[in-house]
Amino acid sequence: QIGARSPALVAMSAMSLQLLSGGRFLLGIGVSGPQVMEGWHGVRFGSPLAATRETIEIVRAVARGDRLQHNGRVYQLPLPDGPGRSLRSPLPPTPVPVYVAALGPRNLELTGELADGWIGNTFMPEHADVFLDRLAAGAARAGRRLADLDLVIPVAVEFTENAAEAEAAARRHADGYAFTIGAMGSRDQNFYNDALTRLGFGDEIRAVRELWLAGQREAAAARVPAEIGRATNLLGTPDMVAERLRLYRDAGITTLQAKLGGDHAARLATLAQLIELVRQVSAEPRAGTR
């Protein structure tokens, strides 16, 4: 959460983890929202786009081994008219890939312009253009391509015996969105709701929000369309999951972050089944790819 740590501390932590992991660390950042930042961290939620841009710039400067100097809208390093001086990390230069969790149009464009990867919550491959067109526009502005980004989509994975069980699973995951819609963000600003509205669920989102704020939590959960749970996850029989994988593949998604339920053995079994399906779908000819 940008603002919860100073950019230099983010860089130091990321570089240390990169060295400890043998180069396998990916730094994920996001602006969070005003309710969490001001209510939990005590940090004003101002200029989130500038804070994202400057955090990426500072992290990369520190990771390169540069002596840190930054004169930005949000961060001035060293602080002017103070005793601080420009410093550099004692660690060797340590490249750190930066991934941004972005939902809003301008933040998506910033991600396309600067980031190594995108973390795409609430992504639906049927409506991929809502997100990917903005990412591509930002990438083009920087002389890049959308293919230069690792597009990471978090998905819950649950295999079922039949379509009826799949629909029940979709309903459970849709119910979980009631908290996101009703409680995430402030009364005036909720990035998830804005994204779901752009995906075509505006009327339903407003109704869920009103019910949640009125204290009618069960009614709010029941009002969330099951399609949201179905379209943002991998739920169903192997054939159904394979069809969803084809949609992600053809949209140009490069990485799925699988969220697995059950005990350790169940998670391993689900993961093994998913890997086999991914291999199967990856080997198929593509109908059309971004």
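Residues are numbered from 1 along each chain as its sequence is written. Because the model is predicted, local features need pLDDT of at least 70 and side-chain atom pairs count only at pLDDT 80 or more, while totals for chains, interfaces and linings use all residues; side-chain values use heavy atoms, without hydrogens or water.

**The largest pocket**

Select V31, S32, G33, L103 and F191, the lining residues nearest the centre of the largest pocket. A pocket is an open set of points on a 1 Å grid over the protein atoms alone, where a 1.4 Å probe fits, with protein on both sides within 12 Å along at least five of seven lines; lining residues have an atom within 4 Å of a point. The space in the pocket is about 770 Å³, a volume being that filled by probe spheres set on the points, which are joined across faces, edges and corners.

Elements supplying at least two residues each include β1 (27–29), α2 (34–41) and α6 (163–183); helices (H or I, at least four residues) and strands (E, at least two) are DSSP runs numbered from the N terminus. The most is given by α7, with five residues.

**Helix α4**

Next, select α4 (105–114), which also supplies at least two residues of the pocket lining. Eight of its ten residues are buried, so α4 is largely enclosed by the rest of the structure. Buried means under 20% relative accessible area, exposed over 50% and partly exposed in between, with a 1.4 Å probe and protein chains only. The buried residues of α4 pack against α3, β4 (98–101), β5 (117–119), α5 (129–141) and α7, a contact being heavy atoms within 4.5 Å.

**Aromatic pairs**

Display the rings of Phe, Tyr and Trp (its six-membered ring), which pair if their centres lie within 6.5 Å; planes under 30 degrees apart count as stacked, over 60 as edge-to-face and the rest as tilted. The count comes to six aromatic pairs. F123 and F131 have ring centres 6.0 Å apart and planes at 45°, so this pair is tilted. F123 is buried at 1% relative accessibility, as is F131 at 0%.

Move to F179 and W212, an edge-to-face pair with 6.0 Å from centre to centre and 75° between the planes. F179 belongs to α6 and W212 to α7, so the pair ties together parts 33 residues apart in sequence. F179 is partly exposed, at 45%, whereas W212 is buried, at 13%.

**Backbone features**

Select P7, in helix α1 (residues 7–20). P7 is buried, at 4% relative accessible area, and touches T55, I58, V59 and Y75, not counting residues up to four places away in sequence.

Most residues other than glycine have a negative phi, and most peptide bonds are trans. The peptide bond from L77 to P78 is cis, with omega near -10°. Between α2 and α3, the loop residue S47 has a phi near 50°. Finish at T122, in the loop between β5 and α5, where phi is near 60°; T122 is buried, at 6%.
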